[in-house]
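Let's take a walk through a protein structure together. Please have the sequence and the 3D view open, and look for each residue as we come to it.

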Amino acid sequence: MLNPEVIKFPAPKSQLTYTHHTWDDPKRNVTWQRVIKDHSFNRKVVVLLPDTPIVPNSLSDSFTDDAQHYLVKNLPLAEFCSPNFLQAFRQKGHFHALCCDTRIDVDNTAAMTPDGYLHILVDKFTYQELQLHGTLSSHILRKPQDRYVIKINTNEKTFRPGKSYYERVTSALGHPRLKFNFWVTWKPKNGDICPSSVAKYFHDLGFVVEEQFPDIYKSIASEVAMPRLDKNQTDDGEDLEPEDLLEWIGCQSLGIRLETDPSSMCELVRPKAYDLVSNVNAVHCTGFFTTEYIVSLVGTLRSWLLERSPISVPWLSVTVYGHPDSPVSWGHQEHSYRSNGDNFYTLVLQRDGVHVFKVFGSTQPLRMYPKANNNK
Amino acid sequence: MKQLESKYWYLKVHMDYERKNLPFQLTAELVKVVIVGAIDIMFGELSSCLPLDVLKFNEKTGIVILRVPKDNYAKVRAALTVCPSMRVGAVDVPVIYTTQQASSCLLSLAGPERSIV
């Protein structure tokens, strides 16, 4: 490099989208539900509850009901293609599977979303050995070409034993390097079937299955200044920016105390228009959750909010994090790990509306060498 | 859906040092002085005057949460990676800074960490 850059080092790009609408907006009511439904792999949920020194039983039950997930060790990918499995689990409920201990930018990894697609991310060597049709990954280094994405649709009519496409896929997926430890969870459409039948199925095939429950951690802050969100109440014309709201929610989840005045150490202060609220409880649940669990949790929280008075509980927030190493984030959009592998969304629930924040990493490909400075 | 740009980057840094080497205990203000000193050594005085906030310092675990403007993120992270020691009260104490999580959104520092670090 003739003239290397020594002054400007831009930070990696990431995307933050924000929208706000009322609960019963007929056209747009689809938006927050779409955000929840498309986000297949939910790893952690953080809920901020004002004025709750002790979480009531109705809420704490909704955190732990039906939330168990299973860790299946050394599962080969060909098991997800067997017709018994597809008929018993994929078509009769919502099945989620995600590799738990691989990294998307260096290892091979795989995941299965509830719509029946198997997403596999492999390196060049394995891709050439598998000989299945795939595309170059859009966000990792494109030169040298190294990461390939293979998507297999198990819903197709040609995906049955006896057809040549099926035989080719199952023989390729029997590759010895395609064995991973998966987190598996299943929610049946029919309420009579027990969700643990998926664990029994894998156990009968001879794999090691461990049942795991969500890990719950609570922390309470005593006197907290919650920012005021209603526009007609702010009389000095200071509107709260959405990024500042998200920063405030982050401070509460991490246990950071905000002072009234800026000091030499920290310039982040309390919001200008605020309500003093006591006992803000931050509940952190770590596990592997289905989208139905999140939908029912949001419904429970909404009804809880309507029971409490608007002065002690002005609003509450729910943040749902995806796994930092999952191959897909929303729908089939590829997920990239830049500095932190963020893919999460936050819903700020008010009585009359909801604010939705979505954060995900940029999908631009990484550069091996920075752009040359052409003496400009 | 509105696209928003975050103005700040947040880092969660772990400080690894021997407590018996220190003449007195570290507080959050001292941590800011020490980190600004590290940036000063690598990038000079102009970069060290840029705003840096210490949001939280946990003395027992040695975890610091910092907030820097977007354009300084790369410099702060680079300076912390190569810094060998901190100067506290005329004593040079060796320290290792490990950036555990860094993101443009503070809320993601509360999220799940990578399974293999």
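Predicted model: local features only at pLDDT ≥ 70, side-chain atom pairs only at ≥ 80, totals over all residues.

We begin with D107(A), which is partly exposed because its relative accessibility is 22%; here buried means under 20% relative accessible area, exposed over 50%, and partly exposed in between, with a 1.4 Å probe and protein chains only. D107(A) forms a salt bridge with R103(A), and the closest N and O atoms of the pair are 3.6 Å apart. A salt bridge is counted when a side-chain nitrogen of Lys or Arg lies within 4 Å of a carboxyl oxygen of Asp or Glu.

Residues are numbered from 1 along each chain as its sequence is written, chains are lettered from A and ligands numbered from 1 in the order in which they are written, and side-chain values use heavy atoms, with hydrogens and water left out.

Over all chains, the structure holds 14 salt bridges. Another of them is in chain B, where R87(B) pairs with D92(B) at 3.2 Å between the closest N and O atoms. R87(B) counts as exposed because its relative accessibility is 54%, and D92(B) is partly exposed at 45%. Salt bridges that share partners also join E247(A), D53(B) and R67(B) into one network.

Now let's look at where the chains meet. How many residues of chain A are in contact with chain B? There are 49, and they touch 40 residues of chain B, where contact means heavy atoms within 4.5 Å. The size of an interface is often given as the accessible area lost when the parts come together. Chain A and chain B bury about 3900 Å² between them, 60% of it on carbon and sulfur atoms; this buried area is the accessible area (1.4 Å probe) that two parts lose on being put together, summed over both.

Which residues form the one salt bridge that the rule finds across this interface? They are R67(B) and E247(A), with their closest N and O atoms 3.0 Å apart. The pair crosses from helix α7 of chain A to strand β4 of chain B; helices (H or I, at least four residues) and strands (E, at least two) are DSSP runs, numbered from the N terminus. Both E247(A) and R67(B) are buried.

Eleven residue pairs are in polar contact between chain A and chain B, both residues being at pLDDT 80 or more. A polar contact is a pair of N or O atoms within 3.5 Å; within protein, one must be able to donate a hydrogen and the other to accept it, and residues adjacent in sequence count only if both atoms are side-chain atoms. On the side of chain A that touches chain B, β1 (14–22), α1 (29–38), β2 (42–49), α7 (242–254), β13 (316–322) and β14 (343–349) each supply at least two residues. The largest share, nine residues, comes from α7(A).

β1(A) and strand β1 of chain B (residues 2–4) run antiparallel and are joined by three bridges; two strands pair if DSSP finds at least two bridges between them. Here L16(A) stands opposite L4(B). Within chain B, strands β3 (residues 53–58) and β4 (residues 63–69) pair in the antiparallel sense over five bridges. They form a hairpin with four residues between them, and G62(B) in the turn has a positive phi of about 75°.

Next, find N340(A) in the loop between β13 and β14 of chain A. Is N340(A) buried or exposed? N340(A) is buried, because its relative accessible area is 6%. Its side chain makes polar contacts with the side chains of D342(A), at 3.2 Å, and S108(B), at 3.5 Å.

Our last stop is H355(A), in strand β15 (residues 353–361) of chain A. H355(A) counts as buried because its relative accessibility is 7%. Its side chain makes a polar contact of 3.5 Å with the side chain of H20(A).
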